[in-house]
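Walk through this model with the sequence beside you.

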Amino acid sequence: MKFISIDKNDWTRGIDKSREKYQLFGPVKDENGCLIKKLEPDVQPDMGLHESVMSAKSVVFPQTEKILNASLDESIENHHIMQRAKTDYSPRAVLGIRPYDAKAMELVKLNFDTKDFKDPYWCDAYEATVFVGLGITKPGPFDFSTSVGTGPFCEDGLDVLLADLDDTYLAKILSPKGEAYTAACGFNAIVDEKESQALFDILRKEAEKNIVSQVKIDKLKEKTILELHEADFWDDIAFACINCGTCTYVCPTCWCFDIQDETKQKQATRFRNWDTCMSPLFTRHATGHNPRGTKVQRVRQRFMHKLKYFLDKYDQGIMCVGCGRCVKSCPVNIDIREVCHMMNSYEKQD
Amino acid sequence: MENPYIPYPVRIDDIEIATEDKSLKTFKFVFLNKEDEEKFSYHAGQFAELSIPGIGEIPIGIASSPVEKGFVKFTVFRTGVVTSYLHNMKVGDIMGIRGPLGNWYPWDKLENKNVVIIGGGFAFTTLRSSIIYMLDPGNRSKFKTIDVVYGARSPGMLLYREELFEWEKRSDINMHITVDGTDDPDWQYHKGFVPQIVEQNAPKADEDTYAIICGPPIMIKFTQPSLVKLGYKEHQIIMSLENRMKCGIGMCGRCNIGKELVCKDGPVFTLEQINQTPKEY
């Protein structure tokens, strides 16, 4: 594995150079906290280890995106025939993300890139993106990433992993995409592999030691879906929920979406928007019948999807990277770690 | 791989009012491109997204049968934004169809079996597709006895009436048509609800008999005990479910019952499978 040392004095010049070939995204702090945004030419990513409120998912899966359009003008050829909307899928790099946000992309890929269908919008954006993570040296109190198999220096899904060494970044190049990106920045000070890996290991272990919350997920697999679905704790868990959906928007692994049409003059556009299983509209039939019409049913759906359905369907672990964003952002303190514990330790009472 | 969100362009070729209250219409579509018709190769029991640019999409069971060539048919109940718009469209209008989607009734497993088809109200579309498929001269010998129990509120609410009465005359299919009630003195078929007609008329189950049920949730709920009384086991009861859908290809995340997605893993499930999942439909 190749390691590169990047002097922080050269950082800005390097990434500015990469803008010739790449659109850049990265953490930006504003009145809403730290968000991952597209970086305008004069904006630099805020690499100050602020915990981004939102994950990096919007780089690949925008909150709203045009998917199809058609002309409704009957005087022109091909009216009312829908075509793929034109979108720019030129190379882009997202810098300074929390490492496990890239692991989350790998989990979401299981939904969008299947043997039967490929979602071309998600797949094209994913292909076009270089993921540059920044190792977390001071994990926050909500972080339980080590419990779910990721961690503050998780490399899965990343193209480059940076470690902050005060005056320099030590960059571990994890893929050809990452190699190409660092080359485009002009970062080429190769350093000793063995030494660098040892340094990474120390930093990782130090960071992992600072993670205070642990969650057990080992028994989720052996329980049946019906057993957990019918468990007696869902009313208690859902009691305080106001169905705001914040947990689903901040979650790096939540991918549910809605499709809506809009017409402007003679131009029809079909959009895809983030949706949330917390909304009663999400499942309401045209007849008014709603299979998840109550709050408890919806809260249960969210946790069952993440911690049981996904696990059973793909056998690739749970649909959670342990970032703790949903815990931090929940206005009524619903905590996935507690729910996970209740599900994992649940024993049916006869 | 092709973009699964792009519908095939179609032209409305015919519109027929399907019920006396005009709440259902049957739309016949022809593909603008001949090759799209070949790509839209389907089995009885599948559905498709009817796609109106600028308005939206709706998942609807395919009412035409794979043995009917040159067109596809859908019978649509007017209820929401898209279906209301569709009901006001005209012959010649251009729109789209995306599919075929989902799985289908297990035709391989049903070969050399007795098949009982049970439908209620306007959930008879994919069942019509199935009956036409089974009665096709090339297919009829693949199945043993065929029984159909179909009920609606009144005679005028029965779908595909002309075909029903044609089938009634045939000897290779046993029709049990019923209505909840009617004051028509000439009504010569059953009166009563579907579960009761099933119990009185459907064949008793042996291991070579399968039932396919499609209907409103209340009918399904009350028909199950009738079938159990007749000896049907969970794996012999095949059902087609509906849930709210958007993508139809297993991605948008709303139609699940447990880990199964109704759009992609279904809509056809056996009762045995459904009993392993939360009943969120």
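## From chain B to the interface

In chain B, 54% of the 281 residues are buried. Keep in mind that this is a predicted model. Chain B holds eight helices and 15 strands. Its C-alpha atoms fill a box of roughly 50 × 45 × 35 Å along the principal axes.

The domain assignment gives domain 1 as 8–100 and domain 2 as 107–240. The C-alpha centres of these two domains of chain B lie 24 Å apart. Their contact takes 18 residues from domain 1 of chain B and 14 residues from domain 2 of chain B. On the domain 1 side, eight of these residues are nonpolar, seven are polar and three are charged.

E6(B) is mostly covered, with seven of its eight residues buried. Two strands pair with E6(B). Strand E1 of chain B, residues 8–17, runs antiparallel to E6(B) over four bridges. There, Arg11(B) has Ile94(B) of E6(B) as its bridge partner. Strand E3 of chain B, residues 47–52, also pairs with E6(B) in the antiparallel sense, over four bridges.

Move on to helix H4 of chain B, residues 125–135. H4(B) is mostly covered too: 10 of its 11 residues are buried. The buried residues of H4(B) include Leu127(B), Ile131(B), Ile132(B) and Met134(B). Arg128(B) is also among the buried residues of H4(B).

Chain B also has an open sheet of seven strands. Its order is E10-E9-E8-E7-E11-E12-E15, and the pairing is mixed. Which strands stand at the edges of this sheet? They are E10 (190–191) and E15 (268–270) of chain B; each has a single partner strand, so one side of each is left without a neighbour in the sheet. Val179(B) finds its bridge partner in Lys191(B) of E10(B).

Turn to chain A. Chain A has 11 helices and 12 strands. Its radius of gyration is 22 Å, close to the 20 Å that the globule rule gives for 350 residues, so chain A is as compact as a globular protein of that length. The C-alpha atoms of chain A fill a box of roughly 70 × 65 × 40 Å along the principal axes. Buried residues account for 44% of the 350 residues of chain A. Among contacts in chain A with a separation of 6 or more, 71% involve residues 24 or more positions apart.

One open sheet of chain A has four strands in the order E5-E4-E12-E11, paired antiparallel. Strands E5 (83–84) and E11 (257–264) of chain A stand at its edges with a single partner strand each, so one side of each has no neighbour in the sheet. E11(A) pairs with strand E12 of chain A, residues 267–274, in the antiparallel sense over eight bridges. Within this pairing, Ile259(A) stands opposite Arg272(A) of E12(A).

Between the chains, 37 residues of chain A are in contact with 36 residues of chain B. E11(A) gives the most to the chain A side, with five residues. Elements supplying at least two residues each include strand E4 (64–71), helix H2 (99–112) and helix H9 (295–314) of chain A. By class, this side of chain A has 20 nonpolar, eight polar and nine charged residues.

Finish with the core. The largest nonpolar core has 183 residues, and Val160(A), Ala171(A), Ile118(B) and Met239(B) are among those touching the most other members. Beyond its neighbours within four places in sequence, Val160(A) is in contact with residues including Val132(A), Ala171(A), Ile173(A), Leu174(A) and Tyr181(A).

Definitions and conventions
Residues numbered from 1 in each chain as written. Chains lettered and ligands numbered in written order. Predicted model: local features only at pLDDT ≥ 70, side-chain atom pairs only at ≥ 80, totals over all residues. Core = buried A, V, L, I, M, F, W, Y, C linked by C-beta atoms within 7 Å. Buried ≥ 20, exposed ≤ 12 C-beta atoms within 10 Å, placed from the backbone. Contact = placed C-beta atoms within 7 Å. Pairing = 2+ DSSP bridges. Nonpolar A, V, L, I, M, F, W, Y, C, P; charged D, E, K, R; others polar. Domains from an automatic or database assignment. Rg over C-alpha atoms; globule rule 2.2 N^0.38 Å.
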